[in-house]
Amino acid sequence: MDISYSEFGLPSAKNLSLYKTVEYFVPTDLYWKMLFSDGNDLIFGTRGSGKTMLLRMMSFSHLYKFSQSNTKAHEALYSNKRFGVYLSLGVDWYVTYQKNIDNQAIIFREGINLTLLEAFLKTLNSIIYSDVISLSNKEETERELVQIMAERWFRYIKVKPQSILALRTIFLNHQTILPDLWRFGTPPNETDEEKAGYSFKSNTLFQPLDSILPEINEILSLDHDHKWIICLDELENLHKHQSVMLSTTLRSTKGNLAFKITTLPYTFSGGETLFSEDATAVELREFSFRRLQYDPSDGEYKELANRIIRKKISSFPETEYSLIGEKIFGDTSFLTRAKLTDSSFEKQINQVKNEAITKRRLNDNSVRKLIPIWSIRFLKRMSAGNINPIAYSGWTTIIRLSDGNPAILIRILNDLNVKKDTGPIDPSFQHKVLSELATKWLEWSRGLYKNGNDLYNLIDNIGNQFQNRLHSTSEEDPAINEEISRFRVDLSVLNPRMCEAFKVGARHSLLVAEAEKSSVRYPDGMGVWRLSYALTPKYWLLPRRGKIANFASQLEMGFGRHEKPSIIDNEPVGVSEEIELIEEI
Amino acid sequence: MSNDSRSILSINCLQFSEININDVDYIISACGYESRCIFVSKNLLNNYGDKEKLSKKSIVFRFTTVLDSPGRKLADAYYDELNPYLSIPINTDDWEIVFTTINNLLLELGKINPVILIDYSSMSRVQYLCLLRFVEMGCKLIFTYSIGLYDSIGIEFPISTVGTIGVVPGFEGIPFQGFPKQYVFGLGYDGVGALALADRLEVQEPVCFWTDPGAEKNTGEIIQRANKSIISKSIIQFSRDLRDVVGTYIYLNRICLDSKTTEKVIFVPIGPKPQILACGLASWRYTHSTVLAPHLEGGGITSDYPNIKPNGEIIVTQVNAA
């Protein structure tokens, strides 16, 4: 085993500066909908889907910068007063502190409230001294607000703060004191708190901020019930009892806060609360669930991809940005690439087409759908020779291989050395890079969690089975005409380890749970799954939706079923239940 | 930002022979599967010869896992024979038990400037770094580390993946929402684990350092080979002598100082424990720094727990309030 096998990872928006975040940001419909909405939104998105970018761009500082170049952002800020506070629930102590659960709830609550209020104060200060709201005396307003907030949030303060900066310093000190008070792993008593100078107290999550906002709104001449946006990022880091606590609070907080929350699939259900079962049954009806996943064949994603490459190749004229990808990578179909690889393919394909129409009585439309299959089979066969393969190349294929994930697209462009003044890139180099990346994504699966090998084996097993069918050498094999690239699986009956492999794969964009009946939820039970298109070069598959197989028995792979084995049919692979639209690519 | 409620530390490297057992009030050690975990205690016994005195001062925390390995059997036999003053079972990440036990012992002792020897050769970072708080109570802490001999490093080292990521108690730092994060990776032999961790934390341009010279002559070379990928992404790279904890502390302290108004510094020490200790010492007085306690777990390849034997050298670091 080569332990230095690959470079992991996707580019991340986490550590981008404000300036770079705004520069790289491409607004989408979802962004505007969330920004202008007063409702609560819970967004599920895989690694690299743009969750952090989306939320950071709703924070006041980012929106303010963005509003200088974007009229809609200007409207959101100046007319609609969309004021956002960004809070990342990363690996900070109040999230990671893990001991007695009851006690942990206290430190989690206090920690989040302290951190949120400190971030809120920073935002409030920026708002007051910006031109977004008009105030006759900004200093006086600041003093008035500080007085109210200090009185409300602290039991006592030795020296009364006169400015937001001074109040923020008190919050920072409290953040230092709190973990010290917990040094024995148990909650401090009031005497300890007093000795240490800790006087903040909160009863529930977000309550200190929520309860004071009507007064702040009034002082800032906003509507009494004006809603402030709280952007909570990285909920995936929360432990289960923290998620339950958060869900409980979110369901009961209805005041002046609009929550915009992002998390990875399968990390925060939002449904489990501390309320009674009857109350929980309504399950977060006040939330809009959204899924941050683009369809790679959809126009909106193509537009996003064009905008992303335009940002990388700044030398290209803005008016022609939609042509950059095509100019650099070309834009051929699998059929064209097969013909370019060997001119004899033209003759072969005409012969196969004629046979399909005359002998098998297929109509033109069916034949059109089969052409990419014949082409990829030919391209794979040819790759065995000395020819440099070009099967996976061209802008449309690159977009498709990024599978609707902006970070995967950026990683592909980075590995293809796309820079400011890059010219046309050789298709064989494109193929080489895309194939190497596909191998890296597969290797990446090993390092994602403790049982990474389960996920690796799962993906590799599926990929090889699909590959064997699509590239079967038997002329009689019906799989030649039955491209299967998706499978139906019921997670609820799988062994927990296998189930975990599916979920981790989904979080990291290695496995895609296709939405059935336009659900935005990732399936907990029966669902239709496929490999990420980013992996298709590894297995010589087509990056498109093929037929669906019942795949349960093949997926067991030694782990065994957990329970209810009779639910899944034991139909052999290849018995498709549904014929999906097969697009020519 | 400085945490002014915490003392400025005085840190010195000592020779093992400079330790005067008569000055030491308690000797804290851990009993685990690495046979080096008894090396310091054995040497103290050899140097001073008074088993009864050593026994009365010894507090041994015994890990409740991996009980059947050859190294563990040796260690158990040694400590059973020594008959320490306290022998306390602990799990890998129990730090409250360690902290509370020592706190109670110090209260009982009632001495103004007690001296505690902490043999951290086989302790987990949350257990020995949390003891740094006792410096604030006037304690002098003597950290001892027995350098290990590793078998088959780089060949059979298990592929690691990231488990739970925690923060070392006492080194939490303030979250500083909105501050960019500067990750500082202390690299070791586990290059895959480091890369998996960097991926999980979504690290872009880390600072990387490693030990050279380290436990072996070619340690630096092995570490650089195993961590080639993450080193290539780093903005600053440097190596430090494993034995020079003070020198490493000074380097890391400069990073904290340089970034105190611009970034949050997150130490991610993966490599040998003296490197972890140096991260803790550098982070001690800064609220904008955090020391992580990530769990790297066996991933693709399962491997037996390596029996890390002592190579005969002991690194001694003395810490007290300046």
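What share of the contacts in chain A with a separation of 6 or more is accounted for by residues 24 or more positions apart? In this predicted model, in which local features need pLDDT of at least 70, side-chain atom pairs count only at pLDDT 80 or more, and totals for chains, interfaces and linings use all residues, residues are numbered from 1 along each chain as its sequence is written. Chains are lettered from A and ligands numbered from 1 in the order in which they are written, and side-chain values use heavy atoms, with hydrogens and water left out. The share asked for is 76%, where contact means heavy atoms within 4.5 Å.

The secondary structure of chain A comprises 25 helices and 9 strands, these being DSSP runs (helices H or I, at least four residues; strands E, at least two) numbered from the N terminus. Of its 585 residues, 57% count as buried, the term buried denoting under 20% relative accessible area, exposed over 50%, and partly exposed the range in between (1.4 Å probe, protein chains only). The accessible surface of chain A comes to about 24000 Å², with 48% belonging to carbon and sulfur atoms; accessible areas come from the Shrake-Rupley method with a 1.4 Å probe, and for residues only the protein chains shown count as cover.

Over all chains, a search of the whole structure finds 34 salt bridges, each defined as a side-chain nitrogen of Lys or Arg within 4 Å of a carboxyl oxygen of Asp or Glu. In one of them, D41(A) is paired with R290(A), the closest N and O atoms being 3.0 Å apart. This pair links distant parts of the chain, since D41(A) lies in strand 1 (residues 40–44) and R290(A) in strand 5 (residues 287–291) of chain A, 249 residues apart. D41(A) is buried, at a relative accessible area of 0%.

A salt bridge also joins the side chains of E202(B) and R47(A) (3.6 Å, N to O). The pair crosses between chains, from the loop between helix 6 and strand 9 of chain B, where E202(B) is placed, to the loop between strand 1 and helix 3 (51–56) of chain A, which holds R47(A). Both partners are buried, E202(B) with a relative accessible area of 14% and R47(A) with one of 7%. With neighbours within four places in sequence left aside, E202(B) is in contact with S12(A), K14(A), N15(A) and R47(A).

N15(A) is also touched by K181(B), which contacts K264(B) and I266(B) as well, not counting residues up to four places away in sequence. K181(B) is found in strand 8 (residues 181–186) of chain B and counts as partly exposed at 28% relative accessibility. Elsewhere in chain B, helix 10 (residues 273–283) is mostly covered, with 11 of its 11 residues buried.

Within helix 21 (residues 427–444) of chain A, E436(A) and K432(A) lie 4 residues apart, about one turn of the helix, and form a salt bridge whose closest N and O atoms are 3.3 Å apart. E436(A) is partly exposed at 39% relative accessible area, as is K432(A) at 46%.
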